[in-house]
Amino acid sequence: MNYKYFDYENEIVSTNTDELKKFLEAKIAELKKELEYYEYLYSILETEGYKNIIKGNKGTADVIKNNRGEIVAEIYYTPPLMRILFRGKINMNKTYANVINKILEMEKNRSKIEYEVSLEKDELREIIIDNVKDELTYNKIKAGLQSILERLSY
């Protein structure tokens with residue numbers, strides 16, 4: 001189906017609505033990605049305590065997203081300290097708390113890490129993990145937590 005519209009010089013131009021739809025869908029997807037990037041940068045600035053964690057170029061910042069693409073946690077890693085800050089409300093029931101503790105305990109036995117899980121009225125706030133000395137340990141912890149957080153953030 002073709003529609004007519006006026007361009008900037010007031011000439012009549014004909015366009016295919018399918019092409020216009022495709023263009024608009026691509027533009028919307030592009031802008032959503034850009035918005036997500038800016039929201040991520042803003043969240044880093046908004047997070048309290050980030051100044052004490054990242055010093056110079058020694059640290060890295062990463063995120064954990066749920067299946068919908070929403071950021072549920074931010075990870076700040078300055079070896080050997082790993083700090084996971086949670087966005088929004090993540091309510092912990094006993095089952096998920098036990099799984100998170102089991103993941104961290106297994107890694108504690110393997111890699112000799114130390115950790116602290118901060119809860120506020122059954123709401124997960126922060127996990128601080130010390131003695132994360134290599135990328136392998138970091139990636140194991142991140143992957144384990146991500147699988148749990150994806151389920152928790154629905």
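**Buried charges, aromatic stacking and nonpolar cores**

Lysine 142 counts as buried, at 16% relative accessibility, where buried denotes a relative accessible area under 20%, exposed one over 50%, and partly exposed the range in between (1.4 Å probe, protein chains only). The model is a predicted one, in which local features require a pLDDT of at least 70 and side-chain atom pairs count only at pLDDT 80 or more, whereas totals for chains, interfaces and linings use all residues. Residues are numbered from 1 along each chain as its sequence is written, and side-chain values rest on heavy atoms, with hydrogens and water left out.

The protein contains 4 helices and 7 strands, assigned as DSSP runs (H or I, at least four residues, for helices; E, at least two, for strands) and numbered from the N terminus. Their order along the sequence is β-β-α-α-β-β-β-α-β-β-α. Of the 154 residues, 30% count as buried. Among the contacts (heavy atoms within 4.5 Å) that have a separation of 6 or more, 51% involve residues 24 or more positions apart.

The structure holds 10 salt bridges, each defined by a side-chain nitrogen of Lys or Arg within 4 Å of a carboxyl oxygen of Asp or Glu. In one of them, the side chain of lysine 142 meets that of aspartate 62 at 2.7 Å, N to O. Because lysine 142 lies in helix H4 and aspartate 62 in strand S3 (residues 60–65), this pair ties together parts that are 80 residues apart in sequence. Aspartate 62, at 24% relative accessibility, counts as partly exposed.

A salt bridge also joins the side chains of arginine 87 and glutamate 74 (3.5 Å, N to O). Here the linked parts of the chain are the loop between S5 and H3, which carries arginine 87, and strand S4, which carries glutamate 74, the two residues being 13 apart. Glutamate 74 is buried, with a relative accessible area of 3%, while arginine 87 is partly exposed at 29% relative accessibility.

The side chains of glutamate 107 and lysine 140 meet in a salt bridge of 3.8 Å, N to O, which links helix H3, the location of glutamate 107, with helix H4, the location of lysine 140, across 33 residues. Glutamate 107 counts as buried at 3% relative accessibility, and lysine 140 as partly exposed at 35%. Through salt bridges that share partners, Glu107, Arg110 and Lys140 are joined into one network.

The structure contains 1 aromatic pair, a pair being scored where ring centres of Phe, Tyr and Trp (its six-membered ring) lie within 6.5 Å, with planes under 30 degrees apart counted as stacked, over 60 as edge-to-face and the rest as tilted. It is formed by tyrosine 77 and tyrosine 138, which are stacked at 4.7 Å centre to centre with 25° between the planes. Tyrosine 77 belongs to strand S4 (residues 71–78) and tyrosine 138 to helix H4 (residues 135–152), so that distant parts of the chain, 61 residues apart, are linked. Tyrosine 77 is buried at 3% relative accessibility, as is tyrosine 138 at 5%.

In soluble globular proteins, nonpolar side chains tend to be buried together. A nonpolar core is here a set of buried Ala, Val, Leu, Ile, Met, Phe, Trp, Tyr and Cys residues joined through side-chain atoms within 4.5 Å. The largest such core comprises 23 residues, of which Met82, Ile84, Ile127, Ile129 and Leu149 touch the most other members. At least two residues of this core come from each of S4, strand S5 (81–86), helix H3 (94–111), strand S7 (123–130) and H4, and H4 contributes the most, with 6 residues. Leucine 149 touches Ile64, Val72, Ala73, Phe86, Ile90 and Leu124, residues up to four places away in sequence not being counted. Another core, of 6 residues, lies apart from the largest one and includes Tyr40, Ile44, Val63 and Ile71.

Tyrosine 115 is located in strand S6 (residues 114–120) and is partly exposed, at 21% relative accessibility. Leaving aside residues up to four places away in sequence, tyrosine 115 touches Asn101, Leu104, Glu105, Lys108, Ile128 and Ile129.
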